[in-house]
Every structure is written in structure tokens, then in C-alpha cells.
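Please open the structure in the viewer and keep the sequence alongside.

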Amino acid sequence: MSTNLTPINRPVGLADQVYKTLREYLGSHVIRPGQPLQEATLALRLGVSRTPVREALARLLSEGLIAVEGRSFMVPILSDADVDEIYQLRGILEPAALALVAQVGAESVALQELADALAQAQAADAANDSEAFSDANARFHQTWQAQVHNSRLNRAIDLYAGHVRYLRVLTLGSVPARKAALTGMRNILAALRKRDPAAAQRVMSEHLETARKFLRLALDEIEREAREDGNVPSA
């Protein structure tokens with residue numbers, strides 16, 4: 001278990017805060033795939049009782065972000081087949097969602113926010129700042145998704161995008177992956193500006209397929225690290 005976990009405050013809705021904190025640690029790779037997640041240890045590290053940790057772990061388990069491993073939980077190491085299944089679902093949901101936004105027309109303020117996030121991502125890429133790039137990339141996707149006025153569709157997108165978020169953080173440290181992401185962002189913004197649903201659906205499908213390819217490369221590195229740490233058995 002990483003020693004970078006820090007205690008959190010104790011407001012109302014503690015289980016929800018523990019859930020959000022653990023999910024953020026998954027996304028930022030503080031908690032790595034293959035590491036065991038034990039209720040008592042997490043409670044101690046986060047400075048809370050075991051009850052909110054238990055509730056948060058149950059929620060993460062229901063979303064597929066962690067798996068049962070013996071008497072504890074573990075961040076799953078996704079296989080190529082897992083990533084393909086997740087991206088098949090994302091390939092159905094997100095192109096359709098972006099097409100809906102293009103059909104209705106994104107708000108002018110949202111288009112400007114998308115342009116600003118793209119500019120920030122370009123600057124971060126030029127500075128080789130993968131953390132700033134990841135933040136700008138996340139703002140870009142959150143902005144267009146906020147234009148989807150279908151709460152159920154948004155929840156489904158969040159769920160399946162969340163399954164690979166911690167992998168996505170890793171890929172954006174790669175210069176080729178960042179360049180590919182920038183291309184996808186530019187194409188998405190152009191389709192929304194033109195209010196072209198067909199183009200929006202096509203460019204989002206292409207964007208996701210490119211992301212999937214880079215994620216599968218990241219899987220090899222994660223599996224190698226896990227084997228070196230002794231968290232998974234050798235084949």
C-alpha cells in the first residue's frame with residue numbers, strides 16, 4: 001500500500017468523501033493496479049473509521065473499479081480483452097452523446113471553454129507538462145459532456161470512462177499519445193462548431209479508437225511493473 005495516502009477531513013457524508021478520495025487515488029495512480037486494498041489499513045491511512053471505507057469499497061466494487069481478491073480488494077489489472085470491451089461500450093455511448101450535442105448546438109460559452117482547454121493542452125504539451133495536459137484534457141471532456149442533457153447517458157459515460165481513467169493518466173505522459181489526443185480534441189471542437197452530428201460521431205469514434213491503442217500499450221508496462229512487485233503470478 002502506498003504511503004502517500006493522507007488523512008481527510010470528517011464532514012457529513014464521510015463515506016462519499018472516502019469514495020471520491022479513493023477514486024482520485026486510482027485515477028492518479030497513487031494506488032496502483034495489483035495492490036491489495038484492505039479495509040483496516042485504508043481506514044488507518046485515511047484517518048477514518050472502517051465503516052465509511054467499507055461503504056466506499058462496496059461502491060467501487062459495484063462500478064468495476066476494484067475486484068475481490070481473497071479477503072481484500074485489489075485494483076484489477078485490465079487485460080487487452082477488458083479494454084476492448086470497455087471501449088466497445090464507450091464507442092457506442094460517447095459518439096452518440098457528442099452527436100446529440102452537435103445536433104442541438106453547444107452553447108457559445110461552452111465552445112469558448114473548449115477552445116480554452118484545447119489551448120491549455122497545447123501549451124502543456126509544448127512544455128512537456130503531462131500533469132497540466134491531463135488536467136486540460138479532462139476539462140475539455142467535462143465541458144462537452146456537460147452539454148449532454150441526459151443524466152442517464154452521462155452516468156453511463158462516467159462509469160465506463162472511469163474504468164480506464166487511471167490508465168489514461170499514464171498514457172498522457174507519452175508525447176505521441178498527447179499529440180493524438182490533441183488531434184482528437186481539435187476535431188471534436190470543429191465538429192461542434194459546425195453543428196455536424198455525423199462528423200461529431202465519426203471524430204469521437206476515431207478519438208476513442210486511438211486512445212484504446214495507447215491504453216493497450218500502457219497495459220504491457222503496468223503488467224511488467226506488477227510482476228516485478230510480485231503482485232501477480234508469472235505466466
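Begin with the helices around the largest pocket: select α1 (14-27), α4 (80-104), α6 (130-145), α7 (151-162), α8 (165-171) and α10 (197-229), each of which supplies at least two residues of its lining. Helices here are DSSP runs (H or I, at least four residues), numbered from the N terminus. The model is a predicted one, in which local features need pLDDT of at least 70 and side-chain atom pairs count only at pLDDT 80 or more, while totals for chains, interfaces and linings use all residues. Residues are numbered from 1 along each chain as its sequence is written, and side-chain values use heavy atoms, with hydrogens and water left out.

Next, select α6, which gives the largest share of the lining, 10 residues. The largest pocket has a volume of about 940 Å³. Of the 32 residues that line this pocket, Asn137, Ala138, His141, Gln142 and Arg165 are the closest to its centre. A pocket is an open set of points on a 1 Å grid over the protein atoms alone, where a 1.4 Å probe fits, with protein on both sides within 12 Å along at least five of seven lines; lining residues have an atom within 4 Å of a point. The volume is the space filled by probe spheres set on the points, which are joined across faces, edges and corners.

Now move to α4 and select glutamate 94. Is this residue buried or exposed? Glutamate 94 counts as buried because its relative accessibility is 3%, the limits being under 20% for buried and over 50% for exposed, with a 1.4 Å probe and protein chains only. Beyond its neighbours within four places in sequence, glutamate 94 is in contact (heavy atoms within 4.5 Å) with Trp144, Ile157, Ala161, Met204 and Leu208.
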